[in-house]
Amino acid sequence: MSLPLRLGLFYSAIFVGTGAASPYMPVWFADRGLSGAQIGLILSLPMLARAFTAPLLAIWADSFTLRRTALIWMSLGVGVCYALMALPLGFFGWTLVWFAASSAFATLSPLTDVIVLNRARTDGFNYGWPRGIGSVAFIVANVAMGAILTWGSSELVLVWITAAVSLTALAARYLLPPDPVHEEGALPAPAADRFAGLGELLRDPAFMTAAVACGLIQSAHAFYYSFSTLTWKAQGIPESMTGVLWGVGVAVEVAFLWWMEPWRRRVGPRNLLVLGGVAAMVRWTAYAFSPPLWLVFPLQALHALSYAATFIASLQLVERLSTPRNASAAQSINSALSGGVIAGLATMASGPLFDRFGAQGYLLMAAMCVAGLIGAVRLYGVGRLDPA
């Protein structure tokens, strides 16, 4: 089996769980009597803490000899937490357990990105191919779980994601290459050195501008991820169609990852980020006015830019503005902002917004895109990002 395929199958193991959790765990929480504000709080707390938990987990991961070892242990830990969610823990208990599970699970993808980006560069394959395979798994999970919920209980969401993360632990052991964390023969760096590499990034204004700009545009998906299922349901769109709509968005993402590589190279990461920010602003503004179903489909196609383009731009910008010494920390900080503290604040705000204003909560997401675009434009003055 070729390495890109093995890496793609590992991404699939991660995203077959995410594809069920992202749209449908809010349904699971709602079926247990939680309000929109409570759901928003549960989902947002691990995101808010990710600015601290993600770098700390990345530093911990760099203490191992092989990069895949940390992925195995984190996947096993998440599986235990998901199983505990089935207990009648109540709001505070579910909040605590979900915090632990989500914090670890969210770090799996950026740590995998470090492996795949390095291999794509040294082995000469397109990063988008394995990542796109994972996105296909996300679509399958979206559609399958939407169909399952038309006849089954929301308990099946928890069963699905627990099985998926258990599969991820096995996949990390048998699909990921035994890439070392450090150069051959080198011992793991002392913790003080790993923290020093983290500090270099936090003091770099160009890096932080890129990370925050990307984080604002990516985090503007927060209302969509948390409440699109419930807003569409309020409009009379069934949950089975929700899975299809999410699938359409990820399908165009896959097409972008697989077949737009030459165009992406010509455009460059700074231009990609601007294009993604504009597309996201248009998308969320339109969703705020509850468009009819026929219009939702082309708006979902904007996911290729609002998510995929900004995601690729963020990876490339962060990679260019970091060094091998702090590559894990750099991608974790990027993830911590785009799926962490900024997304957490947006998700926390989304709950009360949904309770009071319904779909018009998307307008806050559009405003975040405007702020991200301001940061993206500032990157044109960073010489390190100019073409060689």
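Predicted model: local features only at pLDDT ≥ 70, side-chain atom pairs only at ≥ 80, totals over all residues.

Student: Why is the contact between Arg131 and Asp113 called a salt bridge?

Tutor: The rule asks for a side-chain nitrogen of Lys or Arg within 4 Å of a carboxyl oxygen of Asp or Glu. Arg131 and Asp113 have N and O atoms 3.5 Å apart, so the pair meets the cut-off. By this rule the count comes to 8 salt bridges.

Student: Which helices hold Arg131 and Asp113?

Tutor: Arg131 sits in helix H5 (residues 128-148) and Asp113 in helix H4 (residues 90-123), and the two are 18 residues apart. The pair therefore links distant parts of the chain. Arg131 and Asp113 are both buried.

Student: What makes Asp204 and Arg384 a salt bridge?

Tutor: Their side chains meet at 2.9 Å, N to O, and the limit is 4 Å. Asp204 lies in the loop between helix H7 (191-202) and helix H8 (205-219), and Arg384 in the segment after helix H16 (362-378), so the bridge ties together parts that are 180 residues apart in sequence.

Student: Where do Glu261 and Arg265 lie?

Tutor: Both are in helix H11 (residues 261-267), 4 residues apart, about one turn of the helix. An α-helix has 3.6 residues a turn, so residues three or four places apart point the same way. Glu261 and Arg265 form a salt bridge, with 2.8 Å between the closest N and O atoms.

Student: Why is Glu261 called buried, and why is Arg265 called exposed?

Tutor: Glu261 has 14% relative accessibility, and the cut-off for buried is under 20%. Arg265 has a relative accessible area of 65%, and exposed means over 50%.

Student: What makes H8 and helix H12 (residues 269-287) roughly parallel?

Tutor: They pack at an angle of about 30 degrees, with their axes 10 Å apart.

Student: How do you know which way H12 and H16 run relative to each other?

Tutor: H12 and H16 pack at about 165 degrees, their axes 8 Å apart. An angle over 145 counts as roughly antiparallel, and therefore H12 and H16 are roughly antiparallel to each other. H12 passes H16 in a left-handed crossing.

Student: Why is H9 described as largely enclosed by the rest of the structure?

Tutor: Because 10 of its 13 residues are buried. Among them are Phe223, Tyr224, Phe227, Leu230 and Trp232.

Student: How do you know what span to expect for helix H9 (residues 222-234)?

Tutor: The expected span is 1.5 Å times one less than the number of residues. H9 has 13 residues, and the expected value is 18 Å. From its first C-alpha to its last, H9 reaches 18 Å, which is close to the expected figure. H9 also bends, by about 60 degrees at Ser228. Just after H9, Gly236 takes a positive phi of about 95 degrees.

Student: What makes Pro238 partly exposed?

Tutor: Pro238 has 44% relative accessibility, which falls between the 20% and 50% cut-offs, so partly exposed is the label. Pro238 is in the loop between H9 and helix H10 (239-259). The C-alpha atoms of Pro238 and Gly146 are 9.0 Å apart, although the two residues are 92 residues apart along the chain.

Student: And why does Ser290 count as partly exposed?

Tutor: Ser290 has a relative accessible area of 35%, again between the 20% and 50% cut-offs, so partly exposed applies. Ser290 is found in the loop between H12 and helix H13 (293-301). Its phi is near 45 degrees, a positive value in a residue other than glycine.

Definitions and conventions:
Residues numbered from 1 in each chain as written. Heavy atoms only, no water. Bend = angle between axes of the 7 residues up to and from the residue. Buried < 20%, exposed > 50% of the residue type's maximum accessible area, 1.4 Å probe, protein only. Axes fitted to C-alpha atoms, helices over the stretch in contact; angles between N-to-C directions. Parallel < 35°, antiparallel > 145°, perpendicular 65-115°, else oblique. Left-handed = near helix turned anticlockwise from the far one by under 90°.
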